[in-house]
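Colleague: Could you walk me through how to read the pockets and cavities in a model like this one?

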Amino acid sequence: MDTFFNSQSSSSSRSRWSYDTLKNFREISPLVQNHIKRVYFTLCCAVVAAAVGAFLHVLWNIGGFLTTLASIGSMVWLLSTPPVEEQKRLSLLMASALFQGASIRPLIDLAIAIDPSLIVSAFVATSLAFACFSAAALVARRREYLYLGGLLSSGLSILMWLHFASSLFGGSIALFKFELYFGLLVFVGYVIVDTQEIIERAHFGDLDYVKHALTLFTDLAAIFVRILIIMLKNSSERNETKKKRRD
């Protein structure tokens with residue numbers, strides 16, 4: 001009997017939590033809501049620019065070290081340009097996204113060689129993950145997940161040191177898998193933290209939607225690259241297993 005009432009009380013508390021969670025979105029002022037819409041619209045345009053860059057690489061093989069430098073240079077130029085020059089900063093964001101899309105040359109070439117449909121699958125999986133965790137950050141209470149920023153920064157530092165150590169002393173398959181999945185976890189967490197930080201900055205008057213779109217685009221690109229690598233690795237392992245069975 002007690003178990004029944006406990007289950008009923010827990011279910012009612014979950015329903016209250018869901019209702020309160022949906023109401024939390026109303027805490028975001030209309031000005032901030034419009035800012036978030038502009039951020040996500042600009043982010044969608046940057047994703048389209050990155051797709052164009054990847055397509056241009058497929059056509060003319062333009063991706064490489066120079067496009068990576070051009071992408072980084074465009075980001076630095078954007079961040080050093082005052083927010084008043086809005087059109088210039090938008091053009092720099094699109095240029096950076098286009099060069100970044102062309103810079104993932106090895107992955108695109110490998111995916112085309114193994115299975116071109118993996119590119120679409122990785123993009124769909126990335127979009128779903130990004131949408132789910134962004135929605136979680138939007139409907140959560142204000143500043144609820146901002147404390148994760150310190151933990152994620154520590155995780156990013158661990159990834160950098162592991163990558164540095166593996167480049168000096170050589171890596172292993174287990175270490176590569178750890179970097180891959182742990183990095184995916186870190187950047188998925190950054191989607192939540194960065195979304196809530198954008199909301200908080202907007203509440204305090206920071207309405208620089210171009211810089212905020214650049215932040216989310218960086219998270220999105222990092223997630224896409226890792227998901228595509230995971231899919232490519234799984235696909236190659238399946239192909240090797242099939243060959244062994246045939247032999």
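This is a predicted model: local features need pLDDT of at least 70, side-chain atom pairs count only at pLDDT 80 or more; totals for chains, interfaces and linings use all residues.

Modeller: Residues are numbered from 1 along each chain as its sequence is written, and side-chain values use heavy atoms, with hydrogens and water left out.

Colleague: Which residues does the UniProt annotation "transmembrane region" cover?

Modeller: Such positions are in the numbering used here, feature names are shortened, and annotations may be inferred rather than shown by experiment. Here the unreviewed UniProt entry gives 39–56, 118–138, 145–164 and 170–193. Helices are DSSP runs (H or I, at least four residues; strands are E, at least two), numbered from the N terminus. Residues 39–56 are 100% helix and 0% strand, with end C-alpha atoms 26 Å apart.

Colleague: How is a pocket told from a cavity?

Modeller: On a 1 Å grid over the protein atoms alone, a cavity is a set of points where a 1.4 Å probe fits but cannot get out, while a pocket is an open set with protein on both sides within 12 Å along at least five of seven lines; lining residues have an atom within 4 Å of a point. Points are joined across faces, edges and corners, and a volume is the space filled by probe spheres set on them. In this model the largest pocket holds about 1300 Å³. Its lining has 41 residues, with Gln100, Ile104, Ala221, Ala222 and Val225 nearest the centre.

Colleague: Which helix gives the most to that pocket lining, the one of the largest pocket?

Modeller: H9, with nine residues. Helices supplying at least two residues include H2 (30–60), H8 (173–203) and H9 (209–246). For classes, Ala, Val, Leu, Ile, Met, Phe, Trp, Tyr, Cys and Pro count as nonpolar, Asp, Glu, Lys and Arg as charged, and the others, Gly among them, as polar. The largest pocket's lining has 28 nonpolar, 11 polar and two charged residues.

Colleague: And how many cavities of 30 Å³ or more are there?

Modeller: Two. The largest has a volume of about 60 Å³; of its 11 lining residues, Ala137, Ala140, Arg142, Gln196 and Ile199 are closest to the centre. Its lining has five nonpolar, two polar and four charged residues.
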